[in-house]
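Here is a short note on the pockets of this structure. Please read it with the model open.

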Amino acid sequence: MEHKLALIPGDGIGPEIVREARKVLDRVCEKYGHTFTYTELLLGGASIDANGVPLTEETVALAKESEAVLMGSIGGDAATSPWYKLEPSKRPEAGLLGIRKALNLFANLRPAYLYKELKAACPLRDEIIGDGFDMMIMRELTGGLYFGERKTIEENGVKKAIDTLTYDENEIRRIAKRGFDIAMKRRKKVTSVDKANVLDSSRLWRKVVEEVAQEYPEVTLEHMLVDNCAMQLVKDPKQFDVILTENMFGDILSDEASMVTGSIGMLSSASLNETKFGLYEPSHGSAPDIAGQDKANPIATILSAAMMLRYSLDMDQEADAVEAAVSAVLEKGYRTGDIMSEGCTLVGTAQMGDLIAAEI
């Protein structure tokens, strides 16, 4: 089958890790008889350098013409990069927020899974880890505090910053439905995370989630305050199946969950709209300090490509093959520097991509 995909290499290590994911996708095509046509797009710092802005209308239009988008990483070193001398609306991350909004990517899926081969890298004690954990964080991505009205004013000679947190019931309902749908394909448990003891937006969130839960009688729903959830992630991570939460809480909790796995370099993510279209990217940043040095771990991007195969292209068998290839390479003891441990073989970005592609 023929499929049209967009690639956004991005900044820092982005071009290197996207190259390795494309290598794996090409192997999938060879093995399963598909044809992928790629269009490379500019976003973030790369777009600023070429176009003066972090996101252009052309990038949005070409992304919409594709079935899915695979992205590397966006941004640079805030202390040294000239991109961060620009006003906030012109910086790399503004392009990322902009494309999420333009493509209506309201549902962010971040799996946090502990590979048995990387158990030693997990910072938690063995008695906490047990047989490991496997959770999916479902984060609302286009509403809340990040997209609310904001301004800085001066009152009586004192500067005041104002950020507005808003959600309407329709925004909550659509992300809740996605969360329960995912739970139905997993262990059928949803933990809805809010701050309903303080925030009106969280009280509405809880009310709407409970309404949606009535449509999924097979799924167990529990509510958890965000501060308690942050504690429970390090106290007993295996209790979680699907964590459903709003934008800012999801941003924080997903990064915490990523480090419980041992390395953020292992974690994929997907951002979906109301169709099968999605933008897929690793959970980590652009790591400009190691860019161009063949040190970056491409596994998160390769696993993001597997998510793209599964959720946007309905290629479950091919996605399974990519995930199995990653496990096989880890089981054979190959590691990039971020997940290196005694007795293993250190490899670079390109060799890791070669090894995984060869296992498919």
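1. The second largest pocket has 23 lining residues, and those nearest its centre are Leu96, Arg100, Arg110, Asp251 and Glu281. A pocket here is an open set of points on a 1 Å grid over the protein atoms alone, where a 1.4 Å probe fits, with protein on both sides within 12 Å along at least five of seven lines; lining residues have an atom within 4 Å of a point.

2. This is a predicted model: local features need pLDDT of at least 70, side-chain atom pairs count only at pLDDT 80 or more, and totals for chains, interfaces and linings use all residues. Residues are numbered from 1 along each chain as its sequence is written, and side-chain values use heavy atoms, without hydrogens and water.

3. Two or more lining residues of the second largest pocket come from each of strand 3 (68–73), helix 4 (92–102), strand 4, helix 9 (247–260) and strand 12 (278–282). Helix 4 has the largest share, 4 residues. Helices (H or I, at least four residues) and strands (E, at least two) are DSSP runs, numbered from the N terminus.

4. The largest pocket holds about 520 Å³ of space. Its lining has 17 residues, and Pro111, Tyr113, Asp134, Arg186 and Glu323 are the closest to the centre. A volume is the space filled by probe spheres set on the points, which are joined across faces, edges and corners.

5. Which element gives the most to the lining of the largest pocket? Helix 10 does, with 4 residues.
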